[in-house]
Amino acid sequence: MSFKETLVLPTITILCPVYNESENVENFYTEISRVVNPLRARYNFKFLFVDNCSTDDTSGKVKKICDSDESVRLIMYSKNFGVMKSIYTGILNSSADACAVFDCDLQDPPELLLNFISCWESGAKVVYGVRRSRSESYLLSFFRKIYRYIETFLKGGEVKIESGAWFLDKRVVHELSKCKFESYLAGLISRVGFRSIGVPYDRRPRTRGTSKFGYMKYIAYATDGLISGTLVPLRLSILIGIIFSLLSFFSIIYFIIAKFFLAAPFASGIAAAIIIVLAGFGLNFMLLGIIGEYVGRIYLDRESSNLAIIDEVYPPLPATFESLSIKPGDY
C-alpha cells in the first residue's frame with residue numbers, strides 16, 4: 001500500500017489512559033493490535049496513550065512501543081489531573097475521524113471495538129459499552145443500583161452512557177471541545193447529543209495489576225454524576241426547607257392552642273425544645289451542604305474547566321510545534 005493510499009483511509013485513534021499500568025500496557029497494545037489488524041485495509045489506526053503522571057515505568061514501556069510503531073504516541077501530563085480530565089484532554093487531542101476510549105486493564109474486551117466500528121459505520125456518532133455483568137463485590141453492586149435510582153429521579157431519566165469503553169465520532173469530539181470540562185464525562189457526552197448506541201457486553205475481571213479507582217473515588221464520581229448538569233438537588237433542598245418550615249409553623253400553632261385554649265398539661269418543654277433545635281440544625285446543615293457543593297463548584301470552575309497540562313509528547317512533535325500545546329491535527 002502506498003503512502004498516498006494510507007493518507008486517505010479514515011483514521012481511528014485508540015485512546016488509552018494509563019496510571020501505574022506497567023503490567024498492562026504491552027499486553028493492551030498487543031491485544032488491541034490483534035483485533036484491529038484485519039481492518040487495516042479499510043482504516044488507519046493510531047494509538048494514543050495518555051499518562052497521568054505514573055510513578056512506575058509505564059511511560060518507559062510505552063516509549064518502547066512508540067519506537068517500534070510510528071502509529072503510537074504518548075502524552076505525559078505535568079501531574080495527576082484525575083482519570084476523567086486525562087481522558088477528556090486525550091479525546092480533544094485524538095486527531096482522527098473517530099476516537100475509541102479503552103482502559104488499559106482489558107476488562108472491557110478488545111473485541112468490543114469491532115462492534116463499535118460496525119455501529120459507527122451504520123451511522124451512530126456515539127457508541128458505548130453497556131455492562132451486563134461485572135466482577136465486583138455485592139455491596140458495590142447494591143450501591144451502584146441505588147445510585148442509578150437516585151440519578152433517574154434527580155435527572156428525570158437515566159444517563160445511559162456509562163463510564164468505560166466509548167467510541168466517539170469526530171463531530172462529537174468537535175462539540176466536546178466547545179464545552180467546559182466536567183468530572184462526570186459520561187453525562188457531558190450524553191448532553192452533547194447525536195445518535196447513540198449501546199453495545200451490551202460482560203466485563204472481565206482484572207487479571208494484572210490493581211485498580212487505581214478506590215471507594216473514595218467512586219463516591220466522588222457518584223457525587224459528580226448526581227450534581228452535574230442539573231439544579232434539581234438545589235431545588236429539592238428548597239422544597240425540603242419549605243416543608244419543614246410549614247411543619248414547624250403548624251407545630252407552633254398547635255402548641256399555642258393546646259397550651260392556652262385546651263389547657264393540655266405539658267412538661268417543662270426542655271426535651272421538645274432540644275428536639276426541635278437539633279432537628280432544625282440538622283436540616284440547616286443538610287441544606288447548606290447541598291448549597292455549598294454548588295458554591296464550591298463555582299469557586300473551582302475556572303481551574304476545573306481547563307485541560308490537563310501536557311508535560312511531554314513522545315515522539316516529540318516537529319520543531320514548529322515545540323512552543324505550542326498539542327492540538328487536534330498536530331500528528
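In the predicted model, E175 forms a salt bridge with K178, the closest N and O atoms of the pair lying 3.5 Å apart, and K178 itself is exposed, with a relative accessible area of 56%. E175 also forms a salt bridge with R171, for which the closest N and O atoms are likewise 3.5 Å apart. Because E175 and R171 stand 4 residues apart in helix α7 (residues 170-176), they are separated by about one helical turn. R171 is partly exposed, its relative accessible area being 43%.

A further salt bridge joins K125 to D169, with 3.9 Å between the closest N and O atoms. This pair links distant parts of the chain, since K125 lies in the loop between α5 (112-121) and β5 (126-133) whereas D169 belongs to strand β6 (residues 166-169), 44 residues away. Elsewhere, E31, R34 and E111 are linked in a network of salt bridges, and the structure holds 8 salt bridges in total.

Acidic side chains are also found in a surface cluster, where E23, E26, D56 and D57 gather in a patch of negative charge. Of these residues, D57 is located in the loop that runs between β2 (44-51) and α3 (58-68), and with a relative accessibility of 39% D57 counts as partly exposed.

Key:
Residues are numbered from 1 along each chain as its sequence is written. This is a predicted model: local features need pLDDT of at least 70, side-chain atom pairs count only at pLDDT 80 or more; totals for chains, interfaces and linings use all residues. Side-chain values use heavy atoms; hydrogens and water are left out. Patches are made of residues with over 30% relative accessible area and no salt bridge: like charges are joined within 9 Å, nonpolar side chains (Val, Leu, Ile, Met, Phe, Trp, Tyr) within 5 Å. Accessible areas come from the Shrake-Rupley method with a 1.4 Å probe; for residues, only the protein chains shown count as cover. A salt bridge is a side-chain nitrogen of Lys or Arg within 4 Å of a carboxyl oxygen of Asp or Glu. Lys and Arg count as positive and Asp and Glu as negative; His and the chain ends are not counted. The place of a charge is taken as NZ of Lys, CZ of Arg, CG of Asp or CD of Glu. Helices (H or I, at least four residues) and strands (E, at least two) are DSSP runs, numbered from the N terminus. Buried means under 20% relative accessible area, exposed over 50%, partly exposed in between (1.4 Å probe, protein chains only).
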